[in-house]
Amino acid sequence: MSYQAAGELESIAIKYANEAIRLDSQGSYPQAIMMYQKSIETLMKLINLYPDYKLNQIYTQRAMAYRERIKAIQRARGIGEEGGVEPKDGEGRVETLRANFDDLVLKEKPDVKFEQVIGLEEAKRALEEAIIFPNKRPDLFPLGWPRGILLYGPPGCGKTMLAAATAAEIDAIFLSVDAASIMSKWLGEAEKNVMKLFQQAREIAQQENKAVIIFIDEVDSLFGTRAQEVGGEIRVRNQFLKETDGITEKGKKTPIYILAATNKPWSLDPPFLRRFEKRIYVGLPNMAARKKMFELYTQPLELAPDVKLDELAKITEGYTGSDIKNIVQAVQLNVVRELFESGKALEPGSKPRPITMADFKNVIKQRKPSVTSEMVMAYIKWSETFKAL
Ligand SMILES: Nc1ncnc2c1ncn2[C@@H]1O[C@H](COP(=O)(O)OP(=O)(O)OP(=O)(O)O)[C@@H](O)[C@H]1O
Ligand SMILES: [Mg+2]
């Protein structure tokens, strides 16, 4: 099969998409819709012709994003799904066509504590050294400290939790952005919104006199290495790198940190990695951590005397924190279901029966770990070259 032909179709799709975005940002909506449509058609053709092409997932997402964009334009201009109604006042409605910055950047004060993150001692130590200590006593760090930090590892092991807990620990404002939505929803506005994100961070740092942690989740969707780009990613990436440099510049005193997270560190490209000098592996929980997780999640539940948390920890080797939480939830749900099926659930004060070891084992048997050992190997291999504590 010729991937060269795929490459040609790809460049056609890119051309249409770029044109669509240009027209869109100029306010030439009907023409923009036409170009989006053409780009979608080309992408679909590409996907159908080469079903196993490695970039198909991206193409599908992209086609969906363009479709969403067309719908948004039509809605904003008063053209229903059926079409037909003429727009009354194109100009006045342009605002509603813009992706709303505030919907995409979540500003929060996280309340998860560092101690609540179970295990991950090495990762916690690294974050203390990179963010918490310098923030508390900047005078002890005359040589500066890293501002760009990457958390990588399998899904469900606490990356997001750790980022939020770090922010809470230094009472920082947490600006959380999902890189995938930068690319899919900020269509045509992405560059501007990246600028706005960093500007907001600087303003908060100054006005509220607080540290700011910018958290970019799924950063691989922004900085994956790809042969070609569909729809202006390069500009967005460059903007992002430029802003990052502005913050990480040596000698800068502004307390702004950029934490990025990814499940696919191997797809990150070198310019990005260079700026994220600290790279921290957030891996599977070990036996002691799994036991603590079982303790935590079963705390509000009634357990039968035969339940041994030690043994549960032993038989869940390879499971993630989020797997363990799901196991406990599923077990609990089973006894609640029993109560409902017995018809007693509506009697006041009725309770599910205590949970037994067999209940746990049944659920665990039916649930494979969400991370395979091959995946774990891939992280370890990447770590050998790129880990930087
Ligand atoms: N080390 C941990 N300590 C305590 N809870 C954990 C830990 N790891 C995972 N969990 C539980 O699993 C949930 C999911 O974790 P989190 O969202 O932080 O994972 P993640 O690494 O960011 O995953 P993803 O890559 O899918 O975003 C958490 O909300 C928490 O309930
Ligand atoms: Mg996460």
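At what angle do the axes of helix 2 and helix 3 cross, and within what distance do they come?

## Helix 2 against helix 3

This is a predicted model. In it, the axes of helix 2 (residues 29–49) and helix 3 (residues 56–76) cross at roughly 155° and come within 9 Å. An angle over 145° counts as roughly antiparallel, so that is how helix 2 and helix 3 run relative to each other. Their crossing is left-handed.

Helix 2 brings Tyr29, Ala32, Ile33, Tyr36, Gln37, Ser39, Ile40, Leu43, Met44, Leu46 and Ile47 to the contact. Helix 3 meets them with Asn56, Tyr59, Thr60, Arg62, Ala63, Tyr66, Arg67, Arg69, Ile70 and Ile73. By class, the residues of this contact of helix 2 with helix 3 are 14 nonpolar, 4 polar and 3 charged.

## Helix 15 against helix 16

Helix 15 spans residues 321–341. Helix 16 covers residues 357–365. The two pack at an angle of about 120°, and their axes are 9 Å apart. Helix 15 is therefore oblique to helix 16. The crossing of helix 15 and helix 16 is right-handed.

On the helix 15 side, the contact residues are Ile327, Ala330, Val331, Asn334 and Val335. The contact of helix 15 with helix 16 has 7 nonpolar residues, 1 polar and 1 charged.

## Helix 13 against helix 15

Helix 15 also meets helix 13 (residues 287–298). Here the axes cross at roughly 40° and come within 10 Å. This crossing of helix 13 and helix 15 is right-handed.

Helix 13 contributes Arg290, Met293, Phe294, Tyr297 and Thr298. Helix 15 contributes Gly321, Ile324, Lys325 and Val328. The contact of helix 13 with helix 15 divides into 5 nonpolar, 2 polar and 2 charged residues.

## The shell around ligand 1

Which residues come nearest to ligand 1? They are Pro155, Gly158, Lys159, Thr160 and Gly321, out of 17 residues around ligand 1. The shell has 8 nonpolar, 7 polar and 2 charged residues.

Helix 7 (159–169) supplies at least two residues of the shell around ligand 1, and so does helix 15 (321–341).

How values were computed
Residues numbered from 1 in each chain as written. Chains lettered and ligands numbered in written order. Predicted model: local features only at pLDDT ≥ 70, side-chain atom pairs only at ≥ 80, totals over all residues. Near = placed C-beta within 6 Å. Helix = DSSP H or I, 4+ residues; strand = E, 2+ residues; numbered from the N terminus. Nonpolar A, V, L, I, M, F, W, Y, C, P; charged D, E, K, R; others polar. Axes fitted to C-alpha atoms, helices over the stretch in contact; angles between N-to-C directions. Parallel < 35°, antiparallel > 145°, perpendicular 65-115°, else oblique. Left-handed = near helix turned anticlockwise from the far one by under 90°. Contact = placed C-beta atoms within 7 Å.
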